[in-house]
Amino acid sequence: MTTTPAAAASPARRSIFKQFPGYFWAANTMEVFERMGWYGFYAVSSLYLTGAVADGGLGMSSADRGVIQGLSTFFLYLFPAVFGALADRYGFKRMFLSSCAVMIPGYLLLGVPNSFWGFLGVYFLVAVGHGMFKPVVISTVAKATTPETGSMGFGIFYMMVNIGGFLGPIVAGIVRGWDWQYVFYASALWILLMGAITLTFYREPPRDAAAESRRSLRDVFRGMIELIGNGRFFLLIVGILGLLVMGSRWLAPAVYLPLAGSWLALNLLVDIPLRVRARTATATAAAPGNTSDTAAAAATAAAATAGSGWLLQPMRVGEGRYLTFLLLMSFFWVSFNQIFMTLPEYIRDYVDTSDIIGSLTPAAGAIANLAQRLGLDTSQWARAVLEHGQVKPEHMINLNAFGIIVGQVAISYLSRRLQPLTTIIVGSVITVFSFLLYLVGQAGWIIVLAILVFSVGEMFASPRSKEYAGRIAPPHKVGMYMGYFYWCVALGNLFGGLISGKAYQHFGPAHRGGIDRTDTMWLIFAGLALLSAILLWVYNRWIAEKRLA
């Protein structure tokens, strides 16, 4: 009998860190560089897309920026299920290298287009590459851990995520002081280093390749549809989402809202005769002389209905309880994404960071003097951290990742006795207060405080959300529930981007066509976070009643 490296020796004889095999550490190192590549640009994407052309930006509207960010990241978090199946079939290492082959040219090409469609197409390519990487690295960590080492293993992985998310924007913020092209070169370089580590150090983890390869792409897509319900209900949801996306840029509310309502009404009207036909088939099958077994009659009717084609089947909701949870959690992710989507523009356009500069000038001067004594030229150093006399937004936003690196262990310890749902609600409420802090003032240190408070809320809510998803899953459906958990992140990114773009376009600065009422905008985001907390509490009560019933 073969043993995996993770279980080769007793935990009592070895340090827990030595229980992890080499491919675990290789995958975690690769995760750092992959996150550096992604967040290196994502953290400054709002600034690049909406920045003045004279400053190297594309000069797009905030609404167009929101559509690009929302659509790209939406598909990024939908892809893992598909690419996870391909990795099972063709191998983890091949999928890692394939993701590099997509991401590197993607980042190098990001600096080429200056139109909406051109940039969206290239950024979509980047999202595909990261979507290829995500399921494979998570699967590698899962295969490298045991029930005894799982908590520590995924804790290390989460730490690597935040280290990469912290370092990437620092480098991007520094190099864009000279040229935006250097941001794209830096992201491509991080992915190139990730690929080098894959080739040199990563080894395929032990796995049942024969069994895993049986999961085809058809099985993946069938599982997606079954989770939602059936093909008819899936078509209804896709149609509504498509109209909402169209309305974010191409259609006026007076057009896309009636269209969405009409699409919903049409599907409900079509359902009436289909349900009548299904009931008639069930009644006929159960009539005396046919069968006395009601379950068999229902099965016969269902088979007859299914045989007529999926378009002629009545709409059916699949895992309604789980879909409701994902929808409610997407409200949290809508709020969370504003720190990367909306806040960079807000800091650039409204925040006065002179108080931060004044506080840090003595320390910065001491560092510059030391560098000059060493013979270094510091005359251009300010370009790395300042823009138009203000601290660059990405350096302030990066405090989010720094706060998580420093505080996640402490927050996890303090909340260890709380139920997962309670912890999620506490985190959502804390994010409400972080948004309200933006109403206090527009001084630099106030924004820093708001970002750090937001980080505390994220540390409470984000890690426990997957745990709660696993707890509410029926025992035989835990794998499916966890496999599609990132759908709530996908929806949060989609709606977060669309709402962010429209909200800042309307409530933002007058010189960009807004009404200069960002206080209302922050109240809306705070309201979404509060609504998420309230609805999750109601949902938990509903789940509890279902279990008692």
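This is a predicted model: local features need pLDDT of at least 70, side-chain atom pairs count only at pLDDT 80 or more; totals for chains, interfaces and linings use all residues.
## Helix geometry exercises

**Exercise 1.** List the residues of α10 that are buried.

Solution. Buried means under 20% relative accessible area. In α10 the buried residues are Gly231, Arg232, Phe233, Leu236, Leu241, Leu243, Val245 and Gly247.

**Exercise 2.** Classify how helix α4 (residues 92-109) and helix α7 (residues 181-200) are oriented, and describe their contact.

Solution. The two axes come within 9 Å and cross at roughly 165°. Angles over 145 degrees count as roughly antiparallel, and α4 and α7 are therefore roughly antiparallel to each other. Their crossing is left-handed. On the α4 side, the contact residues include Phe96, Leu97, Cys100, Met103 and Ile104; on the α7 side, they include Phe184, Tyr185, Ile191, Leu192 and Met194. By class, the residues of this contact are 14 nonpolar, 4 polar and 1 charged.

**Exercise 3.** Repeat the classification for α4 and helix α5 (residues 116-144).

Solution. The axes of α4 and α5 are 8 Å apart, and the packing angle is about 150°. With the cut-off at 145 degrees, that angle makes α4 roughly antiparallel to α5. The crossing of α4 and α5 is left-handed. The residues of the contact of α4 with α5 comprise 15 nonpolar, 7 polar and 1 charged.

Technical notes
Residues are numbered from 1 along each chain as its sequence is written. Side-chain values use heavy atoms; hydrogens and water are left out. Axes are lines fitted to C-alpha atoms, for helices over the stretch in contact, and angles run from 0 to 180 degrees between N-to-C directions. Helices (H or I, at least four residues) and strands (E, at least two) are DSSP runs, numbered from the N terminus. Angles under 35 degrees count as roughly parallel, over 145 as roughly antiparallel, 65 to 115 as roughly perpendicular and the rest as oblique. A crossing is left-handed if the near helix is turned anticlockwise from the far one by less than a right angle, and right-handed if clockwise. Contact means heavy atoms within 4.5 Å. Ala, Val, Leu, Ile, Met, Phe, Trp, Tyr, Cys and Pro count as nonpolar, Asp, Glu, Lys and Arg as charged, and the others, Gly among them, as polar. Buried means under 20% relative accessible area, exposed over 50%, partly exposed in between (1.4 Å probe, protein chains only).
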